[in-house]
Amino acid sequence: MSQFAINLIFVGASFALYIGIAIWARAGSTKEFYVAGGGVNPITNGMATAADWMSAASFISMAGLIAAGGYAYSSFLMGWTGGYVLLAMLLAPYLRKFGKFTVPDFIGDRFYSTGARLVAVACLIIASVTYVIGQMTGAGVAFSRFLEVENDTGLMIAAVVVFMYAVMGGMKGITYTQVAQYVVLIIAYTIPAVFISLQLTGNPIPPLGLFSTHTESGMPLLQKLDEVVRELGFQDYTADVSNKLNMVLFTLSLMIGTAGLPHVIIRFFTVPKVADARWSAGWALVFIALLYLTAPAVASMARLNLLTTIYPAGPTAEAIHYDERPDWIRTWENTGLIRFNDKNGDGRIQLYNDVPAFQETAEARGWAGNELTVNNDILVLANPEIANLPGWVIGLIAAGGLAAALSTAAGLLLAISSAVSHDLIKGSINPNISDKGELLAARISMGVAIVVATWLGMNPPGFAAQVVALAFGIAAASIFPALMMGIFSKRVNSKGAIAGMLAGLISTVVYIFLYLGWFFIPGTATFANVEANWLFGISPLSFGAVGAMINFAVAFAVSAMTEEPPQEIQDLVESVRFPRGAGVATGH
Amino acid sequence: MVEHKKNAAAYWKANLKLIWISLAIWALVSYGFGILLRPLLSGIPVGGTDLGFWFAQQGSILTFIGLIFFYAWRMNKLDKEFGLDEE
């Protein structure tokens with residue numbers, strides 16, 4: 001059977017499963033549409049949250065980034081998991097107790113202001129729409145590589161599938177498809193990793209393999225990798241970083257941003273009790289950790305594998321001939337994600353770090369520049385081919401990449417459509433709308449959101465990568481602090497909250513635009529995006545944490561200068577703090 | 001009612017204390033051992049590198065999981081002790 005047929009079977013079977021779930025889990029009320037009826041088991045919700053959270057970026061890109069950056073990119077590992085600690089202790093249980101459908105619901109009620117609610121809706125929509133673009137383009141890449149269809153055709157197929165289960169089932173359909181998608185993506189991610197770990201270290205558990213001995217050389221794997229990359233002019237894989245302030249703030253921005261992303265928060269509204277929300281956060285992290293503990297192993301092993309493929313006799317000996325390159329390099333060359341340029345005309349593939357410090361060594365070896373460019377994103381997707389695994393594993397990776405992209409896209413689309421139908425239509429425009437009417441509005445908003453996301457996926461703005469920084473920056477600087485202050489302070493009032501959200505939002509967005517271009521239009525950056533220009537060495541990607549601090553400071557200062565929130569709001573804060581419903585009346 | 005208020009205040013104080021302790025550990029393993037204190041831990045070898053690297057790529061994640069389950073277990077118990085759990 002051809003590889004194409006195998007891929008088709010795997011992807012087709014997984015899609016059939018998702019559609020089957022869609023038919024089984026139809027939503028009959030707004031409660032089912034927004035929060036899956038509120039009766040989801042905490043472990044099931046943990047699994048759905050893991051799929052909701054782990055996007056194309058986690059599945060496809062993260063290991064490649066860490067492979068390239070080594071220790072310095074550990075921020076992604078700590079940042080994208082540590083946010084769950086904040087979520088479990090600072091947000092999820094209290095927002096669950098509050099017991100409404102959306103994130104702006106809480107901000108609007110707690111700060112007794114339609115203005116605050118609308119600011120929250122705006123932040124939510126900007127953060128979620130930018131995030132969804134990345135998922136759709138990720139799905140497009142997976143389709144075009146594995147199913148040999150045009151990018152746009154692939155996107156249309158994906159959109160139709162998401163449309164079926166998201167529009168029919170709402171949160172209920174999304175929850176159970178996400179569980180299925182988690183299973184598909186985790187199997188797809190770990191199987192190739194297990195084989196590669198076995199091949200390199202003899203240890204079948206990748207996270208243990210990472211710290212064990214490289215069978216071939218008898219040296220510890222990481223030491224071997226350090227040695228190989230050093231010979232080729234790269235920085236040691238395990239080398240420490242000098243700009244620790246930036247690494248701390250970057251990690252913190254990712255953590256706060258994770259905790260503040262609305263599509264993750266609303267997953268915790270689906271469990272029956274406050275106690276379940278706490279457990280559920282723990283389960284979510286367990287399921288996420290299965291991938292996040294495997295990723296750094298995949299990163300280092302794939303980097304070593306790649307370099308030993310290019311330099312079969314070691315980095316100090318000759319590189320391989322271009323004509324003798326392995327099949328997977330040929331396959332990926334077709335996609336343009338691997339490129340070879342024989343600069344010194346010797347027919348061999350020299351891969352090294354083309355920096356001034358290494359120039360002398362390179363010239364002495366007769367090298368005229370780095371000849372192989374490898375896109376970070378292919379590392380995970382090409383893993384089974386690099387390790388010579390059978391065709392069905394490649395089919396599994398295709399289904400897994402699509403599962404990661406689609407599960408996150410569906411979660412984001414639900415967050416967007418519920419903000420439109422619940423917060424804008426029911427909350428502001430037509431408060432008297434019936435439950436049936438609102439359910440229809442929710443379905444229509446979902447349909448429109450899918451069309452917009454698909455269109456954006458087909459015509460991605462050239463700045464898709466930077467835009468993800470914007471999504472995290474906004475979640476960290478505007479949404480997280482507002483939610484946290486709403487729970488932990490009775491004194492922060494509506495003026496303080498709105499001023500704080502706007503200050504955090506504007507400072508973060510302006511700082512990002514200063515270095516990455518105003519509205520991301522190329523050539524409009526005020527300063528070149530290099531470390532020497534950054535304020536105190538803080539990169540635009542790390543600024544979300546600073547924006548959050550500005551938000552807190554402004555909100556407290558403005559609140560201190562203005563009146564206390566009314567008594568019923570203080571009672572509302574009391575009531576979200578205690579799981580028992582009878583404690584204090586919430587005014588209804 | 002006064003009794004109830006006192007009880008609620010004590011519960012909230014206990015929750016805040018638990019959060020402070022947990023977040024101190026959260027920060028210590030990630031920002032501390034994983035980043036800022038890594039040079040201090042460089043003498044402790046772990047599989048070809050040092051303990052700081054291990055915390056940055058594995059140890060912190062494992063600690064986070066432990067922290068959340070500990071917090072959930074402890075809080076769910078406190079809910080009952082203070083009579084504030086959901087029926």
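## Confidence in the model

The term pLDDT stands for the predictor's confidence in each residue, on a scale from 0 to 100. Helices (DSSP runs of H or I, at least four residues) and strands (runs of E, at least two) are numbered from the N terminus. In chain B, helix 2 (residues 51-81) has the highest mean pLDDT among the elements, 95, while strand 1 (residues 45-46) has the lowest, 87. Averaged over chain B the value is 91, and 97% of the residues reach 70 or more.

This is a predicted model, in which local features need pLDDT of at least 70, side-chain atom pairs count only at pLDDT 80 or more, and totals for chains, interfaces and linings use all residues. Residues are numbered from 1 along each chain as its sequence is written, and chains are lettered from A and ligands numbered from 1 in the order in which they are written. The model scores ipTM 0.95 and pTM 0.92.

## Chain A as a whole

Let's start with the overall picture. Chain A holds 22 helices and two strands, and its C-alpha trace spans about 80 × 55 × 45 Å along the principal axes. The radius of gyration, taken over C-alpha atoms, can be set against a globule rule of 2.2 Å times the number of residues to the power 0.38. For 588 residues a compact globule would come out near 25 Å, and chain A agrees, with 25 Å.

A residue counts as buried if 20 or more other C-beta atoms (placed from the backbone) lie within 10 Å of its own, as exposed if 12 or fewer do, and as partly exposed in between. By that rule, 58% of the 588 residues in chain A are buried. Two residues are in contact if their C-beta atoms, placed from the backbone, lie within 7 Å. Of the contacts in chain A with a separation of 6 or more, 80% join residues 24 or more positions apart.

## The nonpolar core

A nonpolar core is a set of buried Ala, Val, Leu, Ile, Met, Phe, Trp, Tyr and Cys residues joined through C-beta atoms within 7 Å. The largest one has 233 residues, and Leu185(A) and Leu413(A) touch the most other members. Helix 13 of chain A supplies the largest share of this core, 23 residues. Apart from neighbours within four places in sequence, Leu185(A) is in contact with Ala51(A), Met54(A), Phe59(A), Gly400(A), Ala403(A) and Ala404(A).

Ala36(A) is not a glycine, yet its phi is positive, near 55°. This residue sits in the loop between helix 2 (30-35) and helix 3 (42-53) of chain A, and Ala36(A) is buried because 26 other C-beta atoms lie within 10 Å.

Phe536(A) also has a positive phi without being a glycine, about 50°. Its place is the loop between helix 20 (494-516) and helix 21 (543-561) of chain A. Phe536(A) is exposed, since 9 other C-beta atoms lie within 10 Å.

## Where the chains meet

The contact between the chains takes 42 residues from chain A and 37 from chain B. On the side of chain A, helix 13 gives the most, with 12 residues.

## A look inside chain B

Asn15(B) belongs to helix 1 (residues 2-36) of chain B and is buried, with 20 other C-beta atoms within 10 Å. Leaving aside neighbours within four places in sequence, Asn15(B) is in contact with Met75(B) and Leu78(B). Asn15(B) and Asp79(B) are 64 residues apart in sequence, but their C-alpha atoms are 9.7 Å apart in space.
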